[in-house]
Amino acid sequence: KTQYELDEFTTSKSHVVEILLYAALLSLLVSRDLLDLLTVVADDEIVFPPERWAATFRSHAQLLLHELGEYLGYSPPPLLERLIEDAQKIHQQRPILQERLVTATQPRGEA
């Protein structure tokens, strides 16, 4: 509950909460299986405190996904092309920061 911040959700949409719960459960299962593997491989005197292991697993999750993807034969997306493409995208519905600032600083009657 602590590591996956399941005590509070930033949404009230039930389908989003359900997805977050499933993601947390899957992460917990993978984390425990990986810890079991490390316990078998590591020296007997090495100890893996649960809270420290959870934080370690969480901080390395992106690398684990990358390694798993490579192992399964998925190639990562072309990073430079994605950065260039995403940087070019303009959200027409989103007001630019300057417009929001001007509107926010005007007296209520003038906006």
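Trainee: Which residues of helix α2 (residues 50–59) are buried?

Mentor: In this predicted model, the buried residues of helix α2 are Trp53, Ala54 and Phe57.

Trainee: Why is Trp53 called buried?

Mentor: Buried means under 20% relative accessible area. Trp53 has 10%, so Trp53 is buried.

Trainee: Why does Phe57 count as buried?

Mentor: The cut-off is again under 20%. Phe57 has a relative accessible area of 9%, so Phe57 is buried.

Trainee: How do you know that the buried residues of α2 lie on the same side?

Mentor: Take Trp53, Ala54 and Phe57. They cover an arc of only 100° around the axis, which puts them on the same side of α2. Trp53 and Phe57 are four residues apart in this helix, so about one helical turn separates them. An α-helix has 3.6 residues a turn, so residues three or four places apart point the same way.

Trainee: What covers that buried side, and what sits on the face turned away?

Mentor: The cover of the buried residues includes α1 and α3. The face turned away carries the exposed residues Glu51, Arg52 and Ser59.

Trainee: How many aromatic pairs does the structure hold?

Mentor: Two.

Trainee: What makes the pair of Phe48 and Trp53 edge-to-face?

Mentor: Start with the distance. Ring centres must lie within 6.5 Å to pair. Those of Phe48 and Trp53 are 6.3 Å apart, so the rings pair. Then the angle. Planes over 60 degrees apart count as edge-to-face. Here the planes stand at 80°, so the pair is edge-to-face.

Trainee: Why is the pair of Trp53 and Phe57 called tilted?

Mentor: The centres are 6.3 Å apart, and the planes are at 40°. Stacked needs under 30 degrees and edge-to-face needs over 60.

Trainee: Which residues form the aromatic cluster?

Mentor: Phe48, Trp53 and Phe57 form one aromatic cluster.

Trainee: What does Leu35 contact, leaving aside its neighbours within four places in sequence?

Mentor: Leu35 is in contact with Phe48 and Trp53. Leu35 itself is found in helix α1 (residues 14–41). The C-alpha atoms of Leu35 and Phe48 are separated by 8.1 Å, and the two residues are 13 apart along the chain.

Trainee: Is Leu35 buried or exposed, and why?

Mentor: Its relative accessible area is 18%. Buried means under 20%, so Leu35 is buried.

Trainee: Why does Tyr71 count as exposed?

Mentor: Tyr71 lies in helix α3 (residues 61–71). Exposed means over 50% relative accessible area. Tyr71 has 70%, so Tyr71 counts as exposed.

Trainee: Which residues make the nonpolar surface patch?

Mentor: Leu65, Leu68, Tyr71, Leu72 and Tyr74 make this patch of about 650 Å².

Trainee: What is the pattern of the whole protein chain?

Mentor: Along the sequence, the pattern is α-α-α-α-α. The chain has five helices and zero strands.

Trainee: How much of the chain counts as buried?

Mentor: Of its 111 residues, 9% count as buried. The accessible surface comes to about 10400 Å², and 59% of that belongs to carbon and sulfur atoms.

Technical notes. Residues numbered from 1 in each chain as written. Predicted model: local features only at pLDDT ≥ 70, side-chain atom pairs only at ≥ 80, totals over all residues. Heavy atoms only, no water. Patch = residues over 30% accessible without salt bridge, like charges linked within 9 Å, V, L, I, M, F, W, Y side chains within 5 Å. Areas by Shrake-Rupley, 256 points an atom, 1.4 Å probe, with all protein chains shown as cover. Salt bridge = Lys/Arg side-chain N within 4 Å of Asp/Glu carboxyl O. Helix = DSSP H or I, 4+ residues; strand = E, 2+ residues; numbered from the N terminus. Buried < 20%, exposed > 50% of the residue type's maximum accessible area, 1.4 Å probe, protein only. Contact = heavy atoms within 4.5 Å. Arc of directions from axis to C-beta. Phe/Tyr/Trp six-rings, centres within 6.5 Å; stacked < 30°, edge-to-face > 60°.
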